[in-house]
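Please keep the structure in view while reading.

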Amino acid sequence: MSNNPFSNKHLLNLTVKHQSLEASAFNSLDQVLLQDNTADKLFLTDTISNKDILTGIYCSVLASIFLGQHFRKKTRPKDQFSFSYQKLKDHHLELCQKRFDEPSGLLFLISPEESLLPKASYWGSAKNQTIAEPAFLSLMICGLEQLLFIGGQLNEDVSQLSDYLEVLTYSMNEQLWDDEYGIYFPKNISTDKIILSDSIGGLFPLLADIPDQEQAEALYRTLANNFVQGQHFYFPTESVLDGHESRMVDPLVNYLLFLGLTRYEFNTTAQALRQHTRHLVDHYGPQRSYDSKRNLSKISAESSPNPVIDRLLEDFFQADLIHYSNAPG
């Protein structure tokens, strides 16, 4: 049997090695956090091939989402979460301090290599950009929510986490939200200008308690009108409104969007998204990304998953998730 947790065989038998994968994920996370990594150098490594699957600042955030899910499920005694919580709290606060732009109240990235969506059009070809990216900000806010909840349960001081959470949420709605288009746009911090974009990252605020219900419904309409087409699998990372161009489908991005859709109770679309993603993985095998066009086999090179991301995706395919409410607690 393949060790790959989202191989075809695994998808046909979702209970296989569930507990061992969970233990492997926690062990992998603990090993990474024991290293002397700064927040922007943290990485999660595939223990088999020793290759980095995802490097940089997103790893802290994904690890916090993983930790928050399992803290709520009580998969470990409460005191066993303390080490990971403290390390991830330190990483989040370090990122906020390093990348906080005081005039705008936003966090920024400085290169596409730091982004979960490195091919998004707003990165362009210019170097040394400082971009306030909705996808990154949304994930940071989601990570802060998870750590705020865990810290509260562990009787830790969460005041700094709470302060950043409040400022970032307010600033996103004040500066990045666009009423006309019903989406959050990125901003070039250097030029203080909003960048029009067709990236699905503008819908990531659904993942956290950023939009109110009216904004969430506007985001959902934008999703339905621009990213759902019969000839494409859900969800291309860029709009397929033209109906012709192929786009990338990323299972990890889809998992995060699934969390956002279920958070605001867009459950029918969330389940369709899960089924589309499962079909791609089941039919073509595990890949870092897929071509969104139906009936095409053009896909990326096979990925080298790591246990933490594997465990997140396993939860996605099982839909065995703790759907936290809009309140962190």
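Q: What makes Phe71 count as buried or exposed?
A: Buried means under 20% relative accessible area, exposed over 50%, and partly exposed in between (1.4 Å probe, protein chains only). Phe71 has a relative accessible area of 8%, so Phe71 is called buried. This is a predicted model, in which local features need pLDDT of at least 70 and side-chain atom pairs count only at pLDDT 80 or more, while totals for chains, interfaces and linings use all residues. Residues are numbered from 1 along each chain as its sequence is written, and side-chain values use heavy atoms, with hydrogens and water left out.

Q: How many aromatic pairs are there, by what rule?
A: Rings of Phe, Tyr and Trp (its six-membered ring) pair if their centres lie within 6.5 Å; planes under 30 degrees apart count as stacked, over 60 as edge-to-face and the rest as tilted. The count under this rule is 7 aromatic pairs.

Q: Why is the pair of Phe71 and Phe81 called edge-to-face?
A: The ring centres of Phe71 and Phe81 are 5.0 Å apart and the planes stand at 75 degrees. The pair is edge-to-face because planes over 60 degrees apart are given that name.

Q: What does the pair of Phe71 and Phe81 tie together?
A: Helices (H or I, at least four residues) and strands (E, at least two) are DSSP runs, numbered from the N terminus. Phe71 belongs to helix α3 (residues 58-73) and Phe81 to the loop between α3 and α4 (82-99), so the pair ties together parts that are 10 residues apart in sequence. Phe81 is buried, at a relative accessible area of 1%.

Q: Which residues form one aromatic cluster with Phe71?
A: Phe81 and Phe149 form one aromatic cluster with Phe71.

Q: How do you know that Arg72 lies over the face of Phe149?
A: A charge sits over a ring if NZ of Lys or CZ of Arg is within 6 Å of the ring centre and within 35 degrees of the ring normal. Arg72 is 4.0 Å from the ring centre of Phe149 and lies over its face.

Q: What makes α3 count as mostly covered?
A: In α3, 15 of its 16 residues are buried.

Q: How does the reach of α3 compare with what is expected?
A: The expected span of a helix is 1.5 Å times one less than its number of residues. With 16 residues, α3 reaches 23 Å from its first C-alpha to its last, close to the expected 22 Å. Just after α3, Lys74 has a positive phi of about 60 degrees.

Q: Why is the pair of Phe100 and Tyr164 given its name?
A: The ring centres of Phe100 and Tyr164 are 5.9 Å apart and the planes are at 75 degrees, so the pair is edge-to-face. Phe100 lies in strand β3 (residues 100-101) and Tyr164 in helix α6 (residues 159-176), so this contact ties together parts that are 64 residues apart in sequence. Phe100 counts as partly exposed at 27% relative accessibility, whereas Tyr164 is buried at 17%.

Q: Why is Lys98 said to form a salt bridge with Glu94?
A: A salt bridge is a side-chain nitrogen of Lys or Arg within 4 Å of a carboxyl oxygen of Asp or Glu. The closest N and O atoms of Lys98 and Glu94 are 3.1 Å apart, so the pair qualifies. Both residues lie in helix α4, 4 residues apart, about one turn of the helix. Lys98 counts as partly exposed, at 43% relative accessibility. The structure holds 4 salt bridges.

Q: Which parts of the chain does the salt bridge of Glu145 and Arg263 link?
A: The side chains of Glu145 and Arg263 meet at 2.9 Å, N to O. The pair links distant parts of the chain, with Glu145 in helix α5 (residues 134-153) and Arg263 in helix α8 (residues 251-263), 118 residues apart. Glu145 is buried at 3%, and Arg263 is buried at 9%.

Q: Are Lys187 and Asp192 buried or exposed?
A: Lys187 is buried, at a relative accessible area of 6%, whereas Asp192 counts as exposed at 54%. Lys187 forms a salt bridge with Asp192, the closest N and O atoms being 2.8 Å apart.

Q: How many disulfides are there, by what rule?
A: A disulfide is a pair of cysteine sulfur atoms within 2.5 Å. The count by this rule is 0 disulfides.
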